[in-house]
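Biologist: I am new to ligand sites. Please show me how to read one.

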Amino acid sequence: MEFVFLNGEIIERSKAKVDVEDRGYQFGDGVYEVIRIYNGKMFTLDEHLRRFVKSAESIGISIPFTSVQLSEMLKELLIKNNLETGNIYMQVTRGIAPRNHVFPTGNVVPTLVAYTIKGVRPLESLKSGVKAILTEDIRWLRCDIKSLNLLGNLLAKQKASEAGCFEAIQHRGNDVTEGSSSNIFIVKNGTVITHESNNLILKGITKDVILDLCLANNIPVEERTFSLTELNDAEEVFLSSTTSEVMPIIEVNGKKMGRGVPGPITRKLQGLFEREIEKQCGLLVDKLI
Ligand code: PDD
């Protein structure tokens with residue numbers, strides 16, 4: 001039997017129902033997080049909870065639980081579902097109210113849902129790398145909020161999928177922003193470069209772990225906007241996300257990146273990232289490096 005967390009209770013998944021007038025369902029009026037589980041433990045949990053609260057606050061939703069309560073409930077959910085490797089998906093919406101663009105007044109309670117998804121590390125892709133396409137970034141100007149509204153991201157990812165690629169690298173004019181569900185990095189003269197965390201991208205938690213690993217291991221980094229030309233000429237390209245970790249990109253729009261195989265700095269970061277996972281969640285059985 002599978003369990004989900006709904007508004008403070010852990011209940012059977014088949015019994016969890018959401019109202020047709022939930023504002024998440026009608027407007028995408030809410031925010032979410034995806035948290036990676038290794039060895040039954042949550043990786044970078046505090047960072048995810050902080051971003052969850054921050055995203056919610058930025059659209060005026062006050063989560064009716066403290067971070068300590070959330071963390072306890074998520075731990076309980078993991079145990080109930082016996083999840084060893086996979087993800088937790090968690091979202092909060094503004095709640096149930098008659099359909100109206102204006103926020104509801106009175107005591108409308110936010111709807112909070114979390115559930116678990118089994119899934120192993122994408123070891124094959126992590127080893128050999130993936131392909132990407134380029135696409136214009138048509139999203140709104142608050143991409144720093146992890147909003148449920150993902151249509152721009154979905155259209156980009158679908159385009160990638162139809163081209164037989166794993167990810168769509170988005171750009172505003174000549175400036176590369178981020179992937180449809182990941183942050184993008186290039187390596188140029190041995191320096192790791194990634195878009196600064198502002199309103200045009202999501203401040204990825206994996207991105208921040210990678211930046212810290214670079215600093216701690218004397219790998220030069222720059223957080224700044226980079227151009228399509230720089231991407232095109234990069235020695236190495238990779239993406240990062242909770243589910244994809246440090247994923248090499250070996251081809252963009254049919255052109256090989258660097259030597260067309262995962263590069264040495266990407267490999268090094270993959271190794272360092274695995275060590276970070278092991279520090280927080282214990283030894284990995286399915287290691288890459
Ligand atoms: N996506 N940028 C976008 C647009 C994203 O959707 C994500 C994550 C990231 C990377 O963030 P993080 O390292 O914190 O996972 C960047 C999640 C995994 C998803 O929507 O499934």
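Predicted model: local features only at pLDDT ≥ 70, side-chain atom pairs only at ≥ 80, totals over all residues.

Biologist: Which side chain has an N or O atom 2.7 Å from an oxygen atom of the ligand?

Modeller: A polar contact is a pair of N or O atoms within 3.5 Å. Here the side chain of Tyr32 makes that 2.7 Å pair. Lys146 has a polar side-chain atom 3.4 Å from a ligand nitrogen. Ile205 uses a polar backbone atom, 2.8 Å from a ligand oxygen.

Biologist: How much of the ligand does the protein bury?

Modeller: Accessible area comes from the Shrake-Rupley method with a 1.4 Å probe. Alone, the ligand exposes 470 Å². The protein buries 89% of that.

Biologist: How many residues surround the ligand?

Modeller: A residue is near a molecule if one of its heavy atoms lies within 4 Å of it. The ligand has 19 around it, with Tyr32, Glu178, Ile205, Thr206 and Thr242 the closest.

Biologist: Why does the ligand lie between domain 1 and domain 2?

Modeller: Domain bounds come from an automatic or database assignment. Domain 1 (3-118) and domain 2 (123-281) both give residues to the shell, so the ligand lies between them.

Definitions and conventions. Residues numbered from 1 in each chain as written. Heavy atoms only, no water. Polar contact = N/O pair within 3.5 Å; in protein donor to acceptor, adjacent residues only side chain to side chain.
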